[in-house]
Amino acid sequence: MTVGVICAIPQEWAYLRSALSGARREQVAQVTFDTGELGAQRVVLAAAGMGKVNTGLVATLLADRFRCHTIVFTGVAGGLDPRLHIGDIVIADRVVQHDFGVIENGRLEPYQPGHVPFINATERFGYPVEPELFDRVTRRLEGFTLPVLPPAAGGTGTPPQISYGTVLTGDQYLHCESTRDRLHEDFGGLAIDMEGGALAQVCEAFGIPWLVIRALSDLAGADSGADFNQFVQQVAISSARVLLHLLPALD
């Protein structure tokens, strides 16, 4: 059984690639796929690039060409919940594509991707993680603690917190406090990324489980660009460490 692992940017990919043994490299559609072992688990590691289209392409290849039975996205994200800090981990129990929907009265009314209310209406909104997989993930992480991040990596002096909840996905980098606050209020999102919603949509089409693991590199406000550049490398390693610990539960 093979697990697909997707990262968007080099900082998210490098730590896992260095830990991959027996790697065999292949390029498809200008995307690099490395097949090998992380510990005892066979994986295909892919560097997708940012955004929903890139993730949809790579997830489709992992499911169809590489026959992965589960696909995980690991990397960084912006924090939405004011209770969370840079370096904390968010694992999605549900993802929502906040930028898909209908524009009415000058405002986007979000709706389930692939549907609009007056053509093919649905009561669904978002994509939940498969309950059995989510149960295995939470049990595997009981008592698991990450190393304390140094202050230079955004550390607060305590181990990063691991939280479970809604992750929002959209094809924009969020750099705005008012939008951050609105998205948190409207959707209850803990974090925001540019890829997770596409992964969930593709995996649902193939009937395979998926998981999104995110470490907060920034808090999606006016300082998010500077925070991202300062903290992304160390914070991405925390997300990778969570994935490595979870691999036995994904088989």
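Helices (H or I, at least four residues) and strands (E, at least two) are DSSP runs, numbered from the N terminus. By that numbering, R67 sits in the loop between α2 (52-64) and β5 (70-79).

This is a predicted model: local features need pLDDT of at least 70, side-chain atom pairs count only at pLDDT 80 or more, and totals for chains, interfaces and linings use all residues. Residues are numbered from 1 along each chain as its sequence is written, and side-chain values use heavy atoms, with hydrogens and water left out.

Most residues other than glycine have a negative phi. R67 has a positive phi of about 55° although it is not a glycine. A220 is also not a glycine, and its phi is positive at about 60°. A220 lies in the loop between β12 (210-218) and α6.

Is each of these residues buried or exposed? Buried means under 20% relative accessible area, exposed over 50%, and partly exposed in between (1.4 Å probe, protein chains only). R67 has a relative accessible area of 61% and is therefore exposed. A220 has a relative accessible area of 0%, so A220 is buried.

**Helix packing**

Axes are lines fitted to C-alpha atoms, for helices over the stretch in contact, and angles run from 0 to 180 degrees between N-to-C directions.

| Helix pair | Angle | Axis distance |
|---|---|---|
| α1 (residues 10-19) and α6 (residues 224-250) | about 50° | 8 Å apart |
| α3 (residues 131-140) and α6 | roughly 130° | within 9 Å |
| α2 and α5 (residues 196-206) | about 30° | 8 Å apart |

Angles under 35 degrees count as roughly parallel, over 145 as roughly antiparallel, 65 to 115 as roughly perpendicular and the rest as oblique. That makes α2 roughly parallel to α5. α1 and α6 are oblique to each other. α3 and α6 are oblique to each other.

Handedness comes next. A crossing is left-handed if the near helix is turned anticlockwise from the far one by less than a right angle, and right-handed if clockwise. α1 and α6 cross in a right-handed way. The α3 and α6 crossing is right-handed. α2 passes α5 in a right-handed crossing.

Which residues make the contacts? Contact means heavy atoms within 4.5 Å. Residue classes are set as follows: Ala, Val, Leu, Ile, Met, Phe, Trp, Tyr, Cys and Pro count as nonpolar, Asp, Glu, Lys and Arg as charged, and the others, Gly among them, as polar.

Take α1 and α6, whose crossing is right-handed. On the α1 side the contact uses Q11, E12, Y15 and L16, and on the α6 side V232, Q233, A236, I237, A240, R241, L243 and L244. Eight of these residues are nonpolar, two polar and two charged.

Now α3 and α6, an oblique pair. L133, R136, V137 and R140 in α3 meet H245, L246, P248, A249 and L250 in α6. The classes here are six nonpolar, one polar and two charged.

Last, α2 and α5, roughly parallel to each other. K52, T55, G56, A59, T60, A63 and D64 of α2 touch A198, L199, V202 and F206 of α5. This contact has six nonpolar, three polar and two charged residues.

**Two single residues**

S238 belongs to helix α6. Its relative accessible area is 2%, so S238 is buried. Not counting residues up to four places away in sequence, S238 touches I89, L146 and L149.

L108 is in strand β8. At a relative accessible area of 29%, L108 is partly exposed. L108 and H98 are ten residues apart in sequence, with C-alpha atoms 9.1 Å apart. Leaving aside neighbours within four places in sequence, L108 contacts H98, D99, F100, G101, V102 and I103.

**Aromatic pairs**

Rings of Phe, Tyr and Trp (its six-membered ring) pair if their centres lie within 6.5 Å; planes under 30 degrees apart count as stacked, over 60 as edge-to-face and the rest as tilted. How many aromatic pairs are there by this rule? The count comes to four.

F125 and F187 have ring centres 6.1 Å apart and planes at 25°, so the pair is stacked. The pair links distant parts of the chain, 62 residues apart: F125 is in the loop between β8 (107-110) and β9 (127-128), and F187 is in helix α4 (residues 177-187). F125 is partly exposed at 29% relative accessible area, and F187 is buried at 16%.

F134 and Y164 have ring centres 5.5 Å apart and planes at 85°, so this pair is edge-to-face. F134 lies in helix α3 and Y164 in strand β10 (residues 162-169), so the pair ties together parts 30 residues apart in sequence. Y164 counts as partly exposed, at 30% relative accessibility.
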